[in-house]
Amino acid sequence: MTLFRFLSSHHAEFLHLLLQHVMLVGWSTFAAILVGIPVGIVAARRPRLGAPIVWLANVVQTIPSLAMFGFLLPLPYIGGLGARVAIVVLILYALLPIIRTTVAGIRGVDPVLTEAGRALGMTPRQLLTQVELPLALPTIVAGIRVAAVIGVGTATIAAAIGAGGLGEYIFRGLSMVDPTVILAGAVPAALLALAVDGLLFGAEAWLKRRRARSSRMLPAAAVLVIVIAAAFAAVSAARPPREAIRVGSKNFTEQIILGELLAQTIERDTGITVERRLNLGGTFIADRALRAGDIDVYIEYTGTADTAIFRNAPETDPARVLDRVRAGYAAAGLTVLPPLGFDNTFAILVRGDDARRLGLRTIEDAVPPARRWTPGFGYEFLQRADGYPGLVRTYGFRFAAPPVAMDLSLIYRALADRRVDLIAGDATSGLIAAYDLAMLRDNRRYFPPYDAVPVARAATLLRHPEVRAALESLAGRIGVEDMRRMNYAVDVGRQDPSAVARDFLARLERGRTSKP
Amino acid sequence: MSESAREVIALRDVHVARGGLPVLRGVTLDVAAAETVALVGRSGSGKTTTLKLINGLLMPARGSVLVEGRDTREWPPYALRRRIGYVLQEIGLFPHLPVAGNIAVVPRLLGWPEPRIAARVEALLELVGLPASIATRWPGELSGGQRQRVGVARALAADPPILLMDEPFGALDPMTRAELHREFRRIQANVRCTVILVTHDMAEAFALATRIGVIADGTLAAIDAPRALASSTDPRVRPLLEPLFEAGALIGDRGR
């Protein structure tokens, strides 16, 4: 019912995404047919050439789709964002079933019939077009059907690189932990797969005339199960055993480092066993895990908690935000400990060379050149009250193209590679220096403060006052430069987050002993 | 009239090897126009190979094969095959074409205009004794005997001067077989083309052929008119004749 309400209130957007989805699958399948059938014909005719071709297509098929998107993104010509890369990836996935069934279809033609064709005086080309292809056609259509149904499923992942389609709802729903939004993407995608499957099954049966088999539901049902199961598997989290402090984190580098910092500090200062439940997911997943008792503590950002969790209107005074958040958490039996010291605000970033060339220092400075720019934002930023809509209102942005929605992990690279021209990243990202990006100052104070604070279950702190002391020992000790350095060490220096956290704690320790 | 002009098909000391093993070892055979020659032999004796030599699906390793006085190596291969009707043992009707489409394959390859093809299909169905209504049926819907008749019609479609038949009646029940033998003699009297028929059944050879060739161990052991062949004492020929004596088919010839 809520799904119905969501779809009817978003019907224009829904139809747009559905159309995008259909276009992605349609064009990629069409191109795969144009390439795959001739390749299949050659492979069927020349087994020595065919074996490596089928092997290669097999290998391509085994690459996880998200990894494939990642591989292709930085490539010239086919790289870049959105539909182009998505279509290339979808073509690569569609090729295998089409090539394979073309080979199987042609090789499966009764040798008596090819001999009859030859004996009647057909040239090899006539044999192909008049005997082999017509007889292989139902098999080839079966392959196209498999390719298209797989394509409908894989295309949902294309939303991760900003290609749009129904996957946008799935990703948006995942980062909001809103099953309704996930289902708004997953259910229509599954229905689309069923529809495509049914349509092509009809074509196949029509071609076979009499010899129709009843494998109709198999591929579509598999996709339905995979899409929905994957969506829900990502949301659900298993329950750990008792009597250990469970430290959680969200799913990005800084959070994992901070999780390690908390864990190592607790281990060192209290000797209590710490169970690390890092890399949980987005804000909402971490929050739910904390409230459900699946974790005891994690690092949240005050502005994020205020707007995204407690749904308050954005507020820019750090002290007031901290008070509001503290009160909100207290009502749920959660305790906010003193801030760590740095503010991980949203950073509006442009390329360093653009900033120097145009003399950009503040976000306001970027408004005139942005008329020629395409921005790129993460899913959460596009949705959040303190995200994209308010940014546009506050500064009066007018972009050349609507924002490209993509995964946060890809966004810095996209900016550096000139796929987009302005992004919202994290002020503490190690990639800012690595890619020579420039952070524009929020001169109108649009973004709320995002002071990093440990949020813990009050019951745990009561049971273990030593844990509270350990966590409070970190108060004010981590500056924004410290955080950037640590992020850089992991993201660019490829160091282990736990090692980076250990080094940092060792340095803090030296500072503490030498200072007083 | 010179000897060579009468010979529609001539094999001259033909040798063929497959995978290093000899299949035919020096076969010489002349077939005159409107003759029906049956090639009889055990499985694997080289009968089908002989047919494939004639329509150019195989080339001899040594010796030569002449069709209408011209070496098969010099014939344009597709033109040669379109001039030679071929009935396969398994018939090999195309399942994706209706009966009319199957019969029309060679005329279409030759680029006949459609009205001529339609008229030809109709005439051929009548010739092979099938109702005109069968033209729109699919091969999968036909009985074995009907399929065999369609196969013959397809082979005869472009009015070829030569017809090759590879065990054409092998898979049929005896009744249908006897009926098709009668039909074959009627058709042959009608179209008067040169026929080479491959069979392992001497009775069939006796029923249909004007001359019978016995192929054994890759050579042509004997070739003669049926009655003359029946009195052969050749040890390679006698075993093939035995079943006929047992069935009493050649009782009148026994004492000769």
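**Entry 1: the helix pair in chain A**

I began with the meeting of two helices in chain A of this predicted model, and listed the residues on either side: A:Val39, A:Val42, A:Ala43 and A:Ala44 in α2(A) are in contact with A:Leu49, A:Gly50, A:Ile53 and A:Val54 in α3(A).

I then looked up the geometry, since two packed helices are described by the angle between their axes and the distance between the axes. Helix α2 of chain A spans residues 11-45 and helix α3 of chain A spans residues 47-62, and I noted that they pack at an angle of about 135 degrees, with their axes 6 Å apart. Angles over 145 degrees would count as roughly antiparallel and 65 to 115 as roughly perpendicular, and α2(A) and α3(A) are therefore oblique to each other.

**Entry 2: where the two chains touch**

How many residues does each chain bring to the contact between chain B and chain A? I found 15 residues from chain B and 15 residues from chain A. On the side of chain B that touches chain A, helices α3 (77-82) and α5 (105-109) of chain B each supply at least two residues. The residues of that side of chain B divide into eight nonpolar, four polar and three charged.

**Entry 3: chain B as a whole**

For chain B I recorded eleven helices and ten strands. Of its 256 residues, 43% are buried. I also checked how far apart in sequence the contacting residues lie, and among contacts in chain B between residues at least 6 apart, 67% join residues at least 24 apart.

**Entry 4: a sheet in chain B and the helix across it**

Which strands make up the open sheet of six strands in chain B, and in what order? I read the order as β6-β7-β8-β3-β9-β10, with mixed pairing. The edge strands, each pairing on one side only, are β6 (84-87) and β10 (219-224) of chain B. Neighbouring strands of this sheet are turned by 15 degrees against each other on average, with direction ignored.

Note on methods. Residues numbered from 1 in each chain as written. Chains lettered and ligands numbered in written order. Predicted model: local features only at pLDDT ≥ 70, side-chain atom pairs only at ≥ 80, totals over all residues. Helix = DSSP H or I, 4+ residues; strand = E, 2+ residues; numbered from the N terminus. Buried ≥ 20, exposed ≤ 12 C-beta atoms within 10 Å, placed from the backbone. Contact = placed C-beta atoms within 7 Å. Nonpolar A, V, L, I, M, F, W, Y, C, P; charged D, E, K, R; others polar. Axes fitted to C-alpha atoms, helices over the stretch in contact; angles between N-to-C directions. Parallel < 35°, antiparallel > 145°, perpendicular 65-115°, else oblique. Pairing = 2+ DSSP bridges.
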